[in-house]
Amino acid sequence: MKKAILLLGTLMTASLTHAQTTPVTQEPQPLVSAFFKAMESEDAATVAALTTDDFAIVNFDGQIADRALLSQGLTAGILVVETSPATNLSTRTYNGNTAIVTGNSSFKGTLQGENFNADVVFTVSCVKMANGWKIAAAQLSGTGK
């Protein structure tokens, strides 16, 4: 009986550990695409897994948010993103451990109850860490369209 309980406990611990593990994206462009998809699905856990501890995002209105604030906004419904496909991606890699990904996106949704609908260009800074690539910063700029 003790062996069965020990085995069950080990399996439950392994299952919990596996469930909390997010696969690491090995290339910057798929990482950025996954980040935009996580924003669209308001998946704060995936956003946190794809970003560095000191991540910062500057939105198209010039507001700055760190990872905790962005996650809180997604979780609490303060930020609701209806669409945000990343298109026209271009990547420049420096010294094998820093990458800049640029592209376009259309953002539609609400922020603190206010509707927004903006075409943006973005720059995302990615860094290679021990376990793969992470997003360190993102800058969204309105295109004026």
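## Pocket lining and aromatic cluster

The lining of the largest pocket has 14 nonpolar, six polar and two charged residues. Here Ala, Val, Leu, Ile, Met, Phe, Trp, Tyr, Cys and Pro count as nonpolar, Asp, Glu, Lys and Arg as charged, and the others, Gly among them, as polar. This is a predicted model: local features need pLDDT of at least 70, side-chain atom pairs pLDDT 80 or more, while totals for chains, interfaces and linings use all residues. Residues are numbered from 1 along each chain as its sequence is written, and side-chain values use heavy atoms, without hydrogens and water.

The largest pocket holds about 500 Å³ of space. A pocket is an open set of points on a 1 Å grid where a 1.4 Å probe fits, with protein on both sides within 12 Å along at least five of seven lines; lining residues have an atom within 4 Å of a point. Of its 22 lining residues, N59, Q63, A65, L79 and L111 are closest to the centre. Helix α4 gives the most, four residues.

Aromatic rings pair if their centres lie within 6.5 Å; planes under 30 degrees apart are stacked, over 60 edge-to-face, the rest tilted. The count is four pairs. Two of them share F36.

| Pair | Type | Centre to centre | Angle between planes |
|---|---|---|---|
| F35 and F36 | edge-to-face | 5.8 Å | 90 degrees |
| F36 and F122 | tilted | 4.6 Å | 40 degrees |

F36 lies in helix α2 (residues 28-40) and F122 in strand β6, 86 residues apart. Both F36 and F122 are buried, meaning under 20% relative accessible area (1.4 Å probe, protein chains only). F35, at 2%, is buried too. One aromatic cluster takes in F35, F36, F55, F107 and F122.

Conventions
Grid points are joined across faces, edges and corners, and a volume is the space filled by probe spheres set on the points. Helices (H or I, at least four residues) and strands (E, at least two) are DSSP runs, numbered from the N terminus. Rings of Phe, Tyr and Trp (its six-membered ring) pair if their centres lie within 6.5 Å; planes under 30 degrees apart count as stacked, over 60 as edge-to-face and the rest as tilted. Buried means under 20% relative accessible area, exposed over 50%, partly exposed in between (1.4 Å probe, protein chains only).
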